[in-house]
Amino acid sequence: MRRSENNDQAASKLGSRLDDNLTQLRSLYQDCFDVVFHEFRYGKSVRAALVYIAGLSNIDEINRMILQSAGKTEPPEKGSGIDAYRPIVPVSSTHPVSTPNDVVKEVSDGNPVLLVDGETGGLAVALASWDQRSVQEPEAEAVVRGPREGFIETLQVNTAMLRRKLKTPSLKMRTMTIGKFSQTQVVIAYLDGVADPGLLSEMEQRLKRIQIDGILETGYIQEMIEDNPMSPFPLLQTTERPDIAAAHLLEGRIVLLVEGTPLTLIAPVSFFSFLQSAEDYYQSFYFGTAIRWLRYLFTLIALIGPSLYVAIITFHQEMIPTTLLLSMAKSRELIPFPALVEALLMEVTFEALREAGVRLPKQVGAAVSIVGALVIGQAAISAGLVSSPMVMVVAVTGIASFMIPHYTMGIAIRIIRFPMMLLAGFLGFYGLILGTLFLLTHLFSLRSFGVPYMAPVATTEKTGLKDVLVRAPLWNMRIRPHFTGRWNKYRQQPGSSYQVRRRGGPK
Amino acid sequence: MNGSARRSGMGLVLALLVASSIGLTGCWDRQEVNDLALVMGAGLDLSEDNKLELSVQIFVAKQAGDQQGSAGGGSGMSSGTAKEQTTVYTATGDTIADAATKLQELLPRKVFWGHGEVFVFGEQLAKHGITDQTDFLMRHPGPRLGAFVFVSKGKAKDVMARPSQLERNISEGLREMAKSQTGLRVNVKELMQMLKSDAGAEALPLVSINKRNPESNQSPFISGTAVLKDGKMVGQIDEYTTRGIMWLRNSVKESVITFKPAGSNGFVSAHLNRSKVRLIPSIRGDEWSIRVQISSEANLIQNESGLDPLEPRQANRIQEGLNDEVSDRIESALAEAQRKMDADIFGFSDTFRRSYPKQWERVKKNWSEKFPQVRVDVSSDVRLKRPGFSGK
């Protein structure tokens, strides 16, 4: 009952009587102590009111620009319309609002709304300002060489950072509001003339279909719009680095910026872009290539390292070199558990330690790592619970899982490690192969916004392999990735790479 | 809505299927390492009542310092004392398989053949015949085809019971000795190939224990070659002549030859590498002959002869001496194996079969009569490549 009443009021129009309007708004903002209704006068006679939320608007500016001058200013004639007040309010941006709905929206955004007795509608004044985190180095995606700035929680700052990277009117940013209560602003950024128009409309459609009460993080949107919602693999990439976002825009992808979170979403993405870091492109391409191979190797270890160990030690002992087996046999001699139990024990402990380390306050974190080192280190061995090779395997796997530069992919790989271990423990190599085949089949069937997840592997796009198998020199990668960039094929002038190599740059 | 419900239903069915497959197949062949008796090597002997005696050397994972209890697990990866790491179990049966079954009854752990790298046949058994035993080594999925095979002077059991001075245990020691190619090196697969070939003769490295002092702790070593015909041992060849056999079998990769060149009274030693031997058969009428063509490179490593290897004529004399020495070794091997034992351990039969299949078919049946009559011409082409320079 109450709700529908509120809605009716919100849908109606603001009248010209200040008291009526205020009553209406007050009833909307019933029990909202943070909403300020400040009444004052223009000149001697004209009553006016300012509606704003404490902490969202700049009080100093309100005092200086509106309230201080109000007493001294002679107001326009009554009935000359709210627009007549625009010159009186010395603020760069003002715009009229006509319904309580609009008022609520502006007030929620931090823009004070000026209501004047005798004038229909109100005037929203752009004086929004609230405490925000300053731009800092993104901790989750650190680089040695590369820009140090990261997105923050404020949308305008983020769009500005993106605009600074790509100073072109081709960088378009469409906006949408999602979330019934949160009214979260979402910006769809893309490069006009590079991005696929079909992709854009698909993205808009998927976003429009979201009917939810609130969006608190990009994760909400990601789960809602992924092509295969049941897959453990992330089908959209997140980043808090403007340079990564810009790089993806240049390859024809779409970047979603969401109010209130430093993480942006990138679509469509391929599996391999989760194994690439920004620095691959900033350092020498020899280094970039080597690091990529290292990453591929360790991703594989993170996925099947413990399973491989369990399978070999419980089923295929003849595969281990004799001397190594003898050492292993010696250290396993007094262990009461089967290798599978041993491995699960250690891996679960390791995951628990990692999780505890992430959640705990920084001051306590050190204690966790010390205890952790003891638990999965020497103490476990000397207690006779686990063998020393197993500790090695768990440690290497732990390091390997931290080698994956994107956290979301790291989680997926870590989770899948456990069923793989069970398969290896029950069926040996047979199970391991079975699991791997199942996983590969799944991976190759995935799509991210219609683009094959494993592209360019097993697709007809051969040039894309230059950015997967190796990190080819920049002057050699003249063509944008086929699946997202074929609407604007060349990112370098045809023939320019030849010039770079021969003469040190285009003439 | 409907579609997703159906899909999740299918997912459930799939998950059930996968889960049941795990439960059904189970882990029937799962074996923890600490439930295995790791066989390092096995010795096969003929017992007095003509049965097969199987002696296996089994790795003992328990450490010397295990009394300390729980702390023992920690030092697992560091290798403990070399002694008492293995133990020898012996079982008797009608066949190896029978003996192995009986052996299993003696052990609390499952016998695991996958790391048995050495099989030693006792002298008595070798004389009795080894073909049937080799069948087990080939047919049973456990033993490795790459395991090395030896014949021991005396009982194989005594060899297996010996410790190794440098290696973990004697099996490992024998394996390393075989790999270093100071003597013959034959694994199960090669032995099987020899047994199946038309030559009808096999050569296996001979292991012996120090004879002068049988109580001494010295580890067994390779001391020549055992020659077998149709799986039965017919004779032994000493170390020196073994080198000749290895030349003929083209298994000499490196060797050091010491000799006195003609017309000098000091020794010259040369290190030979890149050795290559070709057997070229030819049949003229009834006369079968083989030309043995040896090519090798020599580096002078010691020169006591007073000859100047930088002076072409004197260098030639060294080179000729080298060639004579190599030919001599081959001649002595031929004398032993071809003329005395009539055992074609050099693979002459295969060479003839490949080049003259028709003639071979006719001779095949009585190859053992033909073999001693085959004329062998040795032509050695060893070149002195690096005379070294010592200032004079």
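Author: Happy to! Helices H10(A) and H17(A) run roughly antiparallel to each other, a label given to angles over 145 degrees, while under 35 counts as roughly parallel, 65 to 115 as roughly perpendicular and the rest as oblique. Before going further, please keep in mind that this is a predicted model, in which local features need pLDDT of at least 70, side-chain atom pairs count only at pLDDT 80 or more, and totals for chains, interfaces and linings use all residues. Residues are numbered from 1 along each chain as its sequence is written, chains are lettered from A and ligands numbered from 1 in the order in which they are written, and side-chain values use heavy atoms, with hydrogens and water left out.

Back to the pair. H10 covers residues 285–315 of chain A and H17 covers residues 429–445 of chain A; their packing angle is about 155° and their axes lie 9 Å apart. Axes here are lines fitted to C-alpha atoms, for helices over the stretch in contact, and angles run from 0 to 180 degrees between N-to-C directions. Helices (H or I, at least four residues) and strands (E, at least two) are DSSP runs, numbered from the N terminus.

On the H10(A) side, Leu303(A), Ile304(A), Ser307(A), Leu308(A), Ala311(A) and Ile312(A) meet Phe429(A), Leu432(A) and Leu439(A) of H17(A), where contact means heavy atoms within 4.5 Å. Sorted by class, this contact has eight nonpolar residues, one polar and no charged ones. Ala, Val, Leu, Ile, Met, Phe, Trp, Tyr, Cys and Pro count as nonpolar, Asp, Glu, Lys and Arg as charged, and the others, Gly among them, as polar.

Over residues 421–444 of chain A, the model is 96% helix and 0% strand, with the end C-alpha atoms 22 Å apart. Residues 254–275 of chain A, by contrast, are 0% helix and 41% strand, with end C-alpha atoms 19 Å apart.

That strand content brings us to S9 (residues 254–258) and S10 (residues 264–267) of chain A, which pair in the antiparallel sense over three bridges; two strands pair if DSSP finds at least two bridges between them. Val255(A) stands opposite Ile266(A) in S10(A). Both strands belong to an open sheet of five strands in chain A, ordered S6-S7-S9-S10-S8 with antiparallel pairing. Its edge strands, S6 (171–178) and S8 (237–239) of chain A, each pair on one side only. The twist averages 25° from one strand to the next.

Among the buried residues of H11(A) are Leu325(A), Met328(A), Lys330(A) and Arg332(A). The buried residues of H11(A) pack against H10, H12 (339–359) and H15 (388–403) of chain A, and also against strands S1 (36–46) and S2 (52–59) of chain B.

Conventions. Buried means under 20% relative accessible area, exposed over 50%, partly exposed in between (1.4 Å probe, protein chains only).
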